Each structure stands twice: as C-alpha cells, then as structure tokens.
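Thanks for asking me to look this over. My comments are set out below as numbered points, with the cut-offs given where a term first comes up.

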Amino acid sequence: MAHITLLAYPGCATSCITGTIDALSIANRWQALIGGEDEKNHPLFHWDIVSLDGKTVQGDNRITIEPHRSMGDVTTTDLILIPGFIAPMAFLQSLPEQLIAWIRAWYGRGAMIAATCTGSFLLAETGLLDGKEATTNWVFARHFKKRYPRVHLKPERLLTEDDRLLCTGATSAYMDLCLYLIKTFGSEELSATCAKGLLLESNRSSQSPFFIFEYYKAHSDPTVLKAQGLMEAHYPGPLSIEAMASELAISPRHFVRRFKSATGDTPLAYLQRVRIEAAKQTLEKTSEPIDAITRQVGYEDTNSFRKLFKKSTGLSPKEYRDRFTRLPNRSRSECAMT
C-alpha cells in the first residue's frame, strides 16, 4: 500500500487535492476488480490530508478543507503532494520555514515529492529542484525562470520526474500525475484502465498546444517596445533585422542585443512567435485553407510553416485546428477537407 500525504495550505487550488483523491480512489476500486478477492481488503493507495497545525484550511475561492492531521503527526509516507496556487507570487511572501524544513526532511528520508501546477514554486523554494528538471503552469513559466535560474525548467512538459521530484504543468495536469502514480505503484494495465474510466489520454506529454504567446512588455526600453509594435502590426510583411534597426536608428547588432535583453527573445524568434500566434487564432476561428493562412501570416513555403508550427505547438496545423476549432459542426467539416 502506497501512502500519499496531501498538503493543504491557505489559498491552494483544492481541486488538486480532491481530484487526486478521486483518481486514487478509482484506482483502488479497479485494482480490487482486476485483482479479485485478495485485493479487496488491500487497497493500492491510502492517503491523508495534512495542514501546518491540523486545523481547517481555506483554499482558493473560499473552499474549506478539513485535514486529517497536522504535518508533525505524519510518521510514514511514500509521497508528499504539494497543490498549485492560483496566485503563486503572493503566497511565496510568507512561507513558514517549518514548511520548507518539513518538505526537505521527508525528501531526505526517501519520500517522493510531487508538485502540481504552480506548487512547483513552493518546491523550488526548498532548493531541492536546483540542478534538476521541472515544469509548471505555462502561464507562470517566465516568472519561474527568473526566480529560480538554477532549475532546468521544461515548460512544454506536462510531467517531469527527476530524482524523486515530480512536477506537473497547468491545473488539470495533476491527473497525469495520478496516472503516473497508478502506473508506478500499481501497473501499466491499471493506469490504462483508469485513464479510460477518467476519459484521459494516457499518452499525452506536452502542454505546448495550450500556450498563448505572452507579448512581454513589462520592461522599460521604449525602443524595444516600438520594435515590438512594428512586428505586431506588420508581421505579414518582409521584416528584417536590418530594416527594423534602421527604422529605430540603431545598429543591427545593438538592436538584437537590446531586444533579447528586454524580452528574452531574439527579434526573429519574437516575430516567429507573433506569426504562429496569429496562425493559431485563424485556425481556431475560420475555415481558411492552411496554404492561405501560411501566406497571411508572412510565410511563402507551406512545408516550412508546418514544421515551424509543429515545433512551436507540438501539433500540425490540421491537428491544432481539429483540437481547438471554435467553428460550428458544418464549418468543421469544411476544414477537414483543407
């Protein structure tokens, strides 16, 4: 029997806790069916919800959690689960040292530590993720990289595992963690069965298709802001480094260096992101042929565009349209022919 300790902390996303319990409970039931009589009284998972002091916790949106015990009452566990937080930068300001020490202590005793969504920020605060791979909610990836430069962040990944430290991507990816735990402590067959019962794709591995490009402008360089405006307004046209640098009255080399310093991207990478985002929006909202969309966003060669699109999103343009289209059924049928 694997023991899971779920941490309830003020402001946490309670779905990460309750949803995980639901999934593990379903695994216990399926395990009993698959294993027969011998497994009925030997569930695969057992769990406890804990808080700092064992008292009631109010999670995000005023949802109340009643813990089973306090952190200090835990005497044995195989895995500690840290839930996500809707506003990760806020709760970091007042993290108690005893919580950090408790997580580190259990890791030192051999327990696995799992962080769902933005719970990876709390795990990173312990220092345990330094030098290791991790992922987080893609919306906060830029903040994570800036705050924890020693962590090897893989924001495109739905799930990472590195030396008993597990992290998941955005909110619902905690279900991917559940399937991983069911496979690890149970079997691949049980995990596949639970995935079907939960209507989950058991082989998904990337959150890249869900990314929305962040037009990062929280910097203080007016020249770079002007360059960003030029790209966003004229991305279908033939923009070059030299032409943009000339427009801004600076040298091409200085322009590239200054742009990357302000945004984290080279000018060409930023332009490509703008074009891909425009293509995504068109794929979602229209039945335009992919060849036409290629030209509309500034590319001439459809094959090159398809490769760039898949590298950015993990999906081909057609796969992306099939998954995210907002068109009525009739127009979807038209898209299928393009």
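1. Helix H8 (residues 188-197) has its buried residues covered by, among others, helix H1 (14-35) and helix H7 (174-185). Those buried residues are Leu-190, Ser-191, Cys-194 and Ala-195. Looking down the axis of H8, they fall within an arc of 140°, so they line one face of the helix. On the other side, Glu-188, Glu-189, Lys-196 and Gly-197 are exposed. After H8 comes Leu-199, with a positive phi near 60°.

2. A few conventions for what you are looking at. This is a predicted model, in which local features need pLDDT of at least 70 and side-chain atom pairs count only at pLDDT 80 or more, while totals for chains, interfaces and linings use all residues. Residues are numbered from 1 along each chain as its sequence is written, and side-chain values use heavy atoms, leaving out hydrogens and water. Buried means under 20% relative accessible area, exposed over 50%, and partly exposed in between (1.4 Å probe, protein chains only). Helices (H or I, at least four residues) and strands (E, at least two) are DSSP runs numbered from the N terminus. The arc is taken over the directions from the helix axis to the C-beta atoms.

3. How many aromatic pairs does a search of the whole structure find? The count is 15, where rings of Phe, Tyr and Trp (its six-membered ring) pair if their centres lie within 6.5 Å, and planes under 30 degrees apart count as stacked, over 60 as edge-to-face and the rest as tilted. Phe-213 and Tyr-270 have ring centres 5.2 Å apart and planes at 70°, so this pair is edge-to-face. Phe-213 lies in the loop between H8 and helix H9 (222-234) and Tyr-270 in helix H12 (residues 267-285), so the pair ties together parts that are 57 residues apart in sequence. Both Phe-213 and Tyr-270 are buried.

4. Phe-255 and Phe-259 both sit in helix H11 (residues 252-263), four residues apart, or about one turn of the helix. Their ring centres are 5.9 Å apart with planes at 70°, so the pair is edge-to-face. Phe-255 is buried at a relative accessible area of 1%, and Phe-259 is buried at 0%.

5. H11 also packs against helix H10 (residues 241-248), at an angle of about 90° and with the axes 9 Å apart. Axes here are lines fitted to C-alpha atoms, for helices over the stretch in contact, and angles run from 0 to 180 degrees between N-to-C directions. That makes H10 roughly perpendicular to H11, a label for angles of 65 to 115 degrees. Where they meet (contact means heavy atoms within 4.5 Å), H10 brings Ile-241, Glu-242, Met-244, Ala-245 and Leu-248, and H11 brings Pro-252, Phe-255 and Val-256.

6. Phe-210, Tyr-299, Phe-305, Phe-309, Tyr-320 and Phe-324 form one aromatic cluster. The charged end of Arg-275 sits over the ring of Tyr-299, 5.2 Å from its centre. For this, NZ of Lys or CZ of Arg must be within 6 Å of the ring centre and within 35 degrees of the ring normal.

How values were computed:
Parallel < 35°, antiparallel > 145°, perpendicular 65-115°, else oblique.
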